[in-house]
Amino acid sequence: MTESRHESKIRLLEAALQVIRAKGYTGTRIEDICEAAGLTKGSFFHHFKSKEELALEAAAYWDLRTGGLFTGARYHELPNALDRFLAYIDFRKALLTGELPEFTCLVGTMVQEVYATQPAIRDACRNSICSHAATLEADIAEAMRDCAVEADWSAESLALHTQTVIQGAFILAKAKGGPEIAVQSLDHLRRYVELLFRGAETTRKAA
């Protein structure tokens, strides 16, 4: 019975990832989640007290799912820190395939809607985005040392800027109805990062 209950909860969380990304948090009903999961409302309320509680657990489940995806990505194997950072951007670009709900961000979608009305969900979304950004900081800091970048910005600020571009790219993809504009935005981000670091490296060598 315990395993069956666990399986039904995972089905509801998986359904939440898809439905909320497709309809938004406010547009998603409990009935929509149950229909997508193939389960009853009784099963839903066995696991969650409310839609808000589901959203909080969905944010944590999103972190688990995406964390595993990025931890196992091949860009970590590159010996050079800047190459790893650039390959991360390439990896994010490669994920921009399929329908909009398949590649857009759950927590980015939710926080746009609830930042002023649902502080618990807002904080969970913020923590998710910022904790992912933090995984880039070590490579950025190492790249700054390798390229002798002297700047008034930090590895943390560039890591967060990277997420700002990616989340904005998702918004534009939704506005345009497809991934093409998001692909272009990530191409611009890659060029910006290359100029930021390669330019500093070139200036240092010329000095």
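## Helices α4 and α7

In this predicted model, helix α4 (residues 51–71) and helix α7 (residues 106–114) cross at roughly 145 degrees, and their axes come within 10 Å. The crossing of α4 past α7 is left-handed.

Which residues make the contact between α4 and α7? On the α4 side they are A55, A58, A59 and W62, and these meet L106, V107 and M110 in α7. Sorted by class, this contact has seven nonpolar residues, with no polar and no charged ones.

## Helices α5 and α9

Now turn to helix α5 (residues 81–94) and helix α9 (residues 137–146), whose axes lie 8 Å apart at an angle of about 135 degrees. The two helices are therefore oblique to each other. Here, too, there is a left-handed crossing, as α5 passes α9.

From α5, the residues A81, L82, R84 and F85 take part, and they meet D139, I140, E142, A143 and D146 of α9. By class, the contact of α5 with α9 has five nonpolar and four charged residues, and no polar ones.

## S8 in helix α1

Let's look next at S8, which sits in helix α1 (residues 2–23). Is S8 buried or exposed? Its relative accessibility is 10%, so S8 counts as buried.

Beyond its neighbours within four places in sequence, S8 is in contact with L39, S43 and H47. With H47 there is also a polar contact between side chains, at 2.7 Å.

## D32 in helix α2

The last stop is D32, a residue of helix α2 (residues 30–37). D32 has a relative accessibility of 7% and therefore counts as buried.

What does D32 touch, leaving aside its neighbours within four places in sequence? The residues in contact with D32 are V19, K23 and G27. Along the chain, V19 is 13 residues from D32, and the C-alpha atoms of the two are separated by 7.3 Å. The side chain of D32 also joins that of R29 through a polar contact of 2.9 Å.

Note on methods
Residues numbered from 1 in each chain as written. Predicted model: local features only at pLDDT ≥ 70, side-chain atom pairs only at ≥ 80, totals over all residues. Heavy atoms only, no water. Axes fitted to C-alpha atoms, helices over the stretch in contact; angles between N-to-C directions. Helix = DSSP H or I, 4+ residues; strand = E, 2+ residues; numbered from the N terminus. Parallel < 35°, antiparallel > 145°, perpendicular 65-115°, else oblique. Left-handed = near helix turned anticlockwise from the far one by under 90°. Contact = heavy atoms within 4.5 Å. Nonpolar A, V, L, I, M, F, W, Y, C, P; charged D, E, K, R; others polar. Buried < 20%, exposed > 50% of the residue type's maximum accessible area, 1.4 Å probe, protein only. Polar contact = N/O pair within 3.5 Å; in protein donor to acceptor, adjacent residues only side chain to side chain.
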